[in-house]
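User: Could you take a close look at the aromatic rings in this structure for me? I would like to see how they pair up and where they sit.

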Amino acid sequence: MPLAPRPHALVGRDAELARLRAAAGLTTDPDTGLAGVLVSGDAGIGKSRLVAEIGQQATTADHRVVLGHCVGVGGSTLAWLPFVEVVAGLDELVPDIVRSTLATHPALHALRPGEGAVTGEEPGRVAHAVHALLTEAARERPLLVVVEDVHWADHSSRDLLTLLLTRGFSTPVTLVVTYRSDDVHRRHPLHEVLTVWTRLPLVGRIDLGPLPDAQMRRLVRSLGPATEGTDLSQVVDRSEGNPFFAEELVASGDTTSVDLARLLRLRLDRLDDAARTVVRAASLAGGALEPELLAAVVDMDPDDLDAALHAAIDHHILETAGGALRFRHSLLGETLAEELLPGARRRWHRAWIEALQARPDLGSAVDLARHAAATGDTETAVTAAVAAGDEALRVGGARDAQRLYEAALGWLDDDAERRGRIALVASRAADRAGDSVRAIDLLEEAVRDLDPAEQPVLRARLLARAAARYTTLDLPSDPVAMSSEAVALLPQEYDEECLTVALDHLDVLVNSRHVDAGAVADDLLLRAEHLGMSRVVSRVRMQQARLLAATDPDLAYQGLMTAAADESAPDVLLPTLLRLGNLDRNAGRLESAHAHYTRGVAVAEREKRTWGPYGMECRLQAGRAAYELGRWDEAERLLTSPDDLPQPPRGFMESALVELLVARGESGLEHRLHGTRDWWDVDALLVVGCLGGMIDVLGRAGEATRLLEWVVTGVESLQRAWGPRTQAIVRITALLAGQSADLAADGRVPEDLLTALRQTTHRLAGQVGEIVPDLRIPPGPDGIGAVPAVAPVDEGSDPASAGGEREPVGPESRAWARRLEAELLRLDATASSDEVVDAWQRSVTAFADLPQVPEHARSLLRLAQALTAAGRADEARVATAASRALATRLGARPVLEALAVLDAPAARAAGADSPHTASVDSPRADSPRTTPLTPRESEVLALLERGRTNGQIAAELFISRKTASVHVSNILAKLGAATRGEAVSLARDAGLIG
């Protein structure tokens, strides 16, 4: 849809227009470092007029220009609507490129309505398809993409914009995104997304304020004959710098009014009856509308309708764009809709219902539901909302589907059975959106409304589904009792719905390690085979394989591999791949685990379940495995999640990502985990994730008090949920020991606080000794021994020993135990240098064998420090070189900085006196060779020294020109240089380049 022309020249906004021209490549000195520009301001302030101007200028300069709108009336949003328009616009401009992109990225079909053969796509694939299309469309000519009114954007469109603005483009694509700042309150869904967008290096921002009085006078004079006899001062004073308000004051001829609604009524009064009828009907449309649909609504003679539309367009109330109709400014439509009398509003809503039911191809189920709800027609509203939810779920918009299903539930009053069935699909949508807690709430509300005597099977489905979801969380509940109650409600003879209940019950028993799980599985298998339900048979066999894992993991693995060979049943395949990955991980087969997890990610994306049960877990574990294998770019891609992903999934992804970013040397990360602690009691796995990153974050920052508080609170929460013998504390204790040793070496922490850190570390180490029997725990200083953190374990109350056997200690826990031993020696500083060397050598070997590349590099550094302290210089150089090679490949800046300190002559001279050389986790140690640049920036700096342009840098490093430009700008800022040449000179002086 092209940008609609405006009736007068743009007045003012010179600076803002100049910035947009630079971003769009319309100047001799373009700002090629930007992927997009956010344009914000109050309603009527001139955002649309500004972007229309840049669109016209870009078109004149032979750039390609496409536009997408977001619409939202009565709380409704349409999934991916602006990008449906963008793709349609490109289909008109570059149809060959659209066709070729569809061939290589089939997910793009999701944005082409009417292609009924398409089954919908996962949002991530759609986003990558759009990115590929925009990139190709700009390969020959620059492309300007305008997305207006994103304060009305749906969840999927916001996520897609986040990807585009984060990733940037390798061809000249510029995004211009507008939104009303006065609409975005703290709880608005766009609010949190904006905090992310505004921090992105590839995003610029333009905030439009009121026009100055002088420019307002120019604007009023530019309106032509309508201004004759107008008191300019009154218009300027009353409009307060808002161009749209000023235009309405002039158009109304009433310069004394301060009421926009009254002004619009005056403009409406200038229309004849037919035109007034048309615009009033259009005001309830909810955005752009098809003229054919509007004709059905107003039921007017075609010639009279054409005349009415011409009159509305001539009076600048409506406008045409791309064959559709819309209000010249959304405020016009909103105000007219608000001014309708109740009776008229109800009649027009009914007219829209009749038109949409007669011509469903011209509208959407979302619109039908909205109009029906407004008239009190709950039957039509509920039916349409459920249909719209089904469609949203089909194309991957789980969050939008959840909202629509919940709207339907809100309109239903006394039909408990129907509410129960809608609650089931609403819960499924919430699950797929990652909101497992909401999924349970929806199910339990429906259970309370059902009479078990009247709807026993439906009640059983709701109960069993809720019980199965409870087993994935640590909320207070008795899922076995819930699912047992559900099964008791079933008849003797099972049908397909009863088998679904029984499957959930079996899932509960297996997850709970219940003694009856095997017998229930055998019975269910017989029933499913008798009914010929192959899907159920596959799920039961998968559960039977899981049951074998405790006693015969090899046989269990074979059974799961058999189940994983069947691609036809995603409900079985996803949990199977997750379990296979977990078995491989527990056995130390990290590469194989990574392969299973990444296959699970692909299946989840294909089935539009990225953030749902098992899909999210596969993605999280794939990201963690990629991090541990040293594939950090892949890990960052997998662990980056939507900004409004609910908790607890968001906490899982963010905490794993923080761990990666900390290892890269980034700072200021604590805010990313704000609020996650509130969910620790919901899912204890969040504790493990949070502490993995926060121990290093707080230790590096020297926040010893908060470090201690986080660990103590976190371990208490973890042990409440999983028991005192959970292996999760092995890694946590090793990380705490390492940061405590760094803080002790730093010398800035008060002695009483250091004592508290040592005591906590040794007490936790004592408990680790109960989990890892061969752990070598040195006696702590000042009589601090390896004392267990809690009283002796009661086997009956320890979840880790449920079922009669404790989990065997796997290779990963043993590797962390080896690091813990070495860190304790470093913390206490009482062992001989050879003992410290031996301990770090064991840690190096353990992490190399997994493999766990980041910890391998870190342990090699510690080994090099210990060897230096022991006076074994030749061996130290070998360990240093090995650590540096790994850290350079990873981009692990803290390790590289510590190695630089270790290389310094002063460090070598002091090495024989102390094992406490440089901290790997902290920039606290002084280093004449420490660089403020990231490894990638150092690579760019080397190319700058050779006189490379941004384009040449991009080609040599396989990055986009915009990314290269961002790196150059960062280098100039960090070095305090004004030019590229000055940056190279300053870098030489600082010893950053030879």
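Analyst: Let's start with Trp710, which is buried, with a relative accessible area of 7%. Keep in mind that this is a predicted model. A search of the whole structure turns up 3 aromatic pairs, and Trp710 belongs to one of them, with Trp680 as its partner. How do we describe such a pair? We use the distance of the ring centres and the angle of the planes.

Now find the two residues along the chain. Trp680 is in the loop between α32 (649-664) and α33 (685-700), while Trp710 is in helix α34 (residues 704-722), so their pairing ties together parts that are 30 residues apart in sequence. Trp680 is buried as well, at a relative accessible area of 4%. Trp710 also has a charged neighbour: Arg677 lies over the face of its ring, at 4.8 Å from the ring centre.

Another edge-to-face pair is made by Trp816 and Phe847, with 5.3 Å from centre to centre and 80° between the planes. This pair links distant parts of the chain, with Trp816 in helix α37 (residues 811-828) and Phe847 in helix α38 (residues 833-849), 31 residues apart. Are these two buried or exposed? Trp816 counts as buried at 2% relative accessibility, and Phe847 counts as buried at 0%.

Finally, look at Tyr494: Arg527 lies over the face of this ring, at 3.9 Å from the ring centre.

How values were computed: Residues numbered from 1 in each chain as written. Predicted model: local features only at pLDDT ≥ 70, side-chain atom pairs only at ≥ 80, totals over all residues. Heavy atoms only, no water. Phe/Tyr/Trp six-rings, centres within 6.5 Å; stacked < 30°, edge-to-face > 60°. Helix = DSSP H or I, 4+ residues; strand = E, 2+ residues; numbered from the N terminus. Buried < 20%, exposed > 50% of the residue type's maximum accessible area, 1.4 Å probe, protein only. Lys NZ or Arg CZ within 6 Å of the ring centre and 35° of its normal.
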